[in-house]
Amino acid sequence: MRQRQALLPLVGHRSAFVRAAIFRALKALQVGAALGPAVAALGDNEAAVRVQAVSVIGHLKLIETLPSLIGATRDESADVRLAAVNALSFARNETACQAGADALRDPDWRVREAASEAMGWIGQIAAAKALVGALDDGYWQVRQKALQSLGKLRIRDAVGSIIPFLDDALPSLRKDAAAALGEIADPCARDALAALARDEDPDVRKTVNWALERLGAG
């Protein structure tokens, strides 16, 4: 314990490399007393340090830190914003959901991808509209996470937006669309899924069969 506490003063080291390394160590050691210094470090002039500070805050999963994490989702550094959006996943409330929705408009596709995934974990039905909008994103990685989250949340109103992905050129998106439709289990998707039962990709076929079983057509 004393060794853990001895690390805390080093968060103010003049070297950014050392400061970042100390926060990584504090996270690994699960030092609760690191929370205050980590929040303060969100104002550090080095993005690498702010990334590690966000990681410490997110790892502790304390709802009272949500405002700090949301503030970090607007950081000038995309790496910091990415870490902050990933850290939001522990929260299960509308405030975190709104922050995730805002992050879906981030200029960096990695942040938008993380937001699409985080909103599935946050678990708020209010995420539906933003996630459906993310299905039009220019990056397939973002569209994929949005499909997965819509399925996880079982958003029935999204079925019409998901079905077109059964014809996507990417097998991974066809598979995730089928999986999402299986999770939602809306009978109106049965015919579209059945048309994909002979897809050229074995993983897609397997997922389609599973989805049809979920719809009572297996």
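This is a predicted model: local features need pLDDT of at least 70, side-chain atom pairs count only at pLDDT 80 or more; totals for chains, interfaces and linings use all residues.
**Exercise 1.** State how helix 12 and helix 14 are oriented to each other, and say which residues meet.

*Solution.* Two packed helices are described by the angle between their axes and the distance between the axes. Take the distance and angle: the axes of helix 12 (residues 171-184) and helix 14 (residues 202-214) come within 8 Å and cross at roughly 10 degrees. Next, apply the cut-off: angles under 35 degrees count as roughly parallel. Helix 12 and helix 14 are therefore roughly parallel to each other. Then list the contact: Pro171, Arg174, Lys175, Ala178, Ala179, Gly182 and Glu183 of helix 12 meet Asp203, Val204, Thr207, Val208, Trp210, Ala211 and Arg214 of helix 14. By class, the residues of this contact are seven nonpolar, two polar and five charged.

**Exercise 2.** Find the aromatic pair in the whole structure and locate its two residues in the chain.

*Solution.* A search of the whole structure gives one aromatic pair. Its members are Trp109 and Tyr139, 5.2 Å centre to centre, with 10 degrees between the planes. Planes under 30 degrees apart count as stacked, and this pair is stacked. Now place the residues: Trp109 belongs to helix 8 (residues 109-122), while Tyr139 sits in the loop between helix 9 (128-134) and helix 10 (140-153). The two are 30 residues apart, and the pair links distant parts of the chain.

**Exercise 3.** Describe the largest pocket by its space and its lining.

*Solution.* Start with the space, which is about 240 Å³. The lining includes Lys27, Val51, His59, Asn86 and Phe90. Helix 4 (47-60) and helix 6 (78-87) each give two or more residues to the lining. Helix 4 gives the most, with five residues. Finally, sort the lining by class: five nonpolar, five polar and two charged.

Note on methods:
Residues are numbered from 1 along each chain as its sequence is written. Side-chain values use heavy atoms; hydrogens and water are left out. On a 1 Å grid over the protein atoms alone, a cavity is a set of points where a 1.4 Å probe fits but cannot get out, and a pocket is an open set with protein on both sides within 12 Å along at least five of seven lines; lining residues have an atom within 4 Å of a point. Grid points are joined across faces, edges and corners, and a volume is the space filled by probe spheres set on the points. Helices (H or I, at least four residues) and strands (E, at least two) are DSSP runs, numbered from the N terminus. Ala, Val, Leu, Ile, Met, Phe, Trp, Tyr, Cys and Pro count as nonpolar, Asp, Glu, Lys and Arg as charged, and the others, Gly among them, as polar. Axes are lines fitted to C-alpha atoms, for helices over the stretch in contact, and angles run from 0 to 180 degrees between N-to-C directions. Angles under 35 degrees count as roughly parallel, over 145 as roughly antiparallel, 65 to 115 as roughly perpendicular and the rest as oblique. Contact means heavy atoms within 4.5 Å. Rings of Phe, Tyr and Trp (its six-membered ring) pair if their centres lie within 6.5 Å; planes under 30 degrees apart count as stacked, over 60 as edge-to-face and the rest as tilted.
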